Amino acid sequence: MAEIPWETDGRQPSARFKIFVASGPSGELSSLAKGLEDEFEVVVQSIQEVKLNTIVQSNSDVVLLPASEKSLALSRQIKTGPIGPFTLVIIVGELDTLPSPEQLWESEADDFIKLPVTCECLRLKLRAQLRSQERLRAAVERVWTLNAEIQRINRELEILAETRFQEIIEVRDLTIFALAKLAESRDPETGEHLERMRWYSRIIAEELSIGFTVKEDIPSRFAEEIFRCAPLHDIGKVGIPDSILLKPGRLTPQEFEVMKQHTVIGYQALREALQKNPAGSFLARAAEIARSHHERFDGTGYPDGLAGKSIPLAARVVTVADVFDALTSPRIYKKAIDPDVAKSIILREAGTQFDPDVVAAFERRWKDISAVGEPYWQQIPAEKLQQSFAEFRGVNAPSITTDTAPMAQQAVPF
Ligand SMILES: [Fe+2]
Ligand SMILES: [Fe+2]
């Protein structure tokens, strides 16, 4: 196999180019082809025998066709087929046998050579065409390589961005939870209250998102946001003096008014944080929960006395989860209520304290709620468990709340 005496795109090809020659009746093309054999790998076949498949399988770089109807049809098939971009098609013919310019154009051939032509002239023509073809091929290969490289880098960047994003989310969630825990730590009896109530909230929010009963617009990722924000509901308690927050006895009306302020304090702190970082949209959700988790569906809650659906949905969800966990947890001033009894209390308060839609979602997902609470409920010592609903009813107060134990001191769950 002879070396090619010229370079393509500055590189010496290691293999010879392959020329497929379809010889016409005059036989001139086949004798020209013989003169090219020193430089190219030449395959000659009579045009009568040539089929498209033969050309495709020959894997040739150049196809020389004699000017004829069949050649024009073959040329068009080659150039419009899969090998078209990589195969040069040249029509060769005498002046009087060459098809019309329109026919030649429609054949999509790459070039037209008029006979008679010398072997050296044909050689130069082929070299020029092949050099252009090689440069084009090299450029395409570079584009493919660069494209593959860009795609690889993009994939790496996407993975990196996703990893960083997850890290930021995790750090943010941990920070939020640590903050909420800090606030909660002033009330050492609440145990894993935040952890349980955020799960109850999530389960209810998921059920609402399915949209069986609630006709409200529920944002995407609502349940996930609630899960993150719910632990912050009582963050404002850090602003309540110990003398009130930890008071073992009944709160005076004035003290209760101070206690109620934990909703507004929490809201303001979270709103300020949101103003410093408007991108932290979850803070807006956390702020509305902090402010409105003591609102009641009948409008008798605090701090704003909102009623019905004007209470933010997130707060309507969290309040059910919060109260339910408070009911089923023992405190120094009360026993824990049996979960089934606590459930019936929640159902009973639908439409008065709680949004009936939220309560319905709570009831529908009772199995999942119980699964979250069960490990904790089983650990509660018997002496800290209220024995019956009657026992509870005997001491029940009209309002169920979670923050005002000393105010009531009536064994209502807090
Ligand atoms: Fe609260
Ligand atoms: Fe709570």
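Helices (H or I, at least four residues) and strands (E, at least two) are DSSP runs, numbered from the N terminus. The views below show a predicted model, in which local features need pLDDT of at least 70, side-chain atom pairs count only at pLDDT 80 or more, and totals for chains, interfaces and linings use all residues. Residues are numbered from 1 along each chain as its sequence is written, while chains are lettered from A and ligands numbered from 1 in the order in which they are written.

**View 1. The whole chain.** Welcome to the overview: the chain holds 17 helices and five strands. Of its 414 residues, 35% count as buried (buried means 20 or more other C-beta atoms within 10 Å of the residue's own, exposed 12 or fewer, and partly exposed in between, with C-beta atoms placed from the backbone). Among contacts with a separation of 6 or more, 63% join residues 24 or more positions apart; two residues are in contact if their C-beta atoms, placed from the backbone, lie within 7 Å.

**View 2. Helix 3 and its buried face.** Helix 3 covers residues 69–80, and its 12 residues reach 17 Å from the first C-alpha to the last, close to the 16 Å expected at 1.5 Å a residue (the expected span is 1.5 Å times one less than the number of residues). Look for S71, L74, S75 and I78, which are buried. Seen down the helix 3 axis, the buried residues fall within an arc of 105 degrees, so they line one face of the helix (the arc is that of the directions from the helix axis to the C-beta atoms). They pack against strand 1 (18–23), helix 2 (52–58), strand 3 (62–66) and strand 4 (88–94). On the face turned away from the buried side sit the exposed residues E69 and T80.

**View 3. Helix 6 meets helix 12.** Helix 6 (residues 193–210) and helix 12 (residues 313–327) pack at an angle of about 135 degrees, their axes 8 Å apart (axes are lines fitted to C-alpha atoms, for helices over the stretch in contact, and angles run from 0 to 180 degrees between N-to-C directions). Among the residues making the contact are M197, Y200 and I204 of helix 6 and V317, A321 and F324 of helix 12.

**View 4. Helix 7 under cover.** In helix 7 (residues 222–229), the buried residues are A223, E225, I226, R228 and C229. Their cover includes helix 5 (119–184), helix 6, helix 11 (282–292) and helix 12.

**View 5. A273 in helix 10.** A273 lies in helix 10 (residues 262–276). This alanine is partly exposed, with 13 other C-beta atoms within 10 Å.
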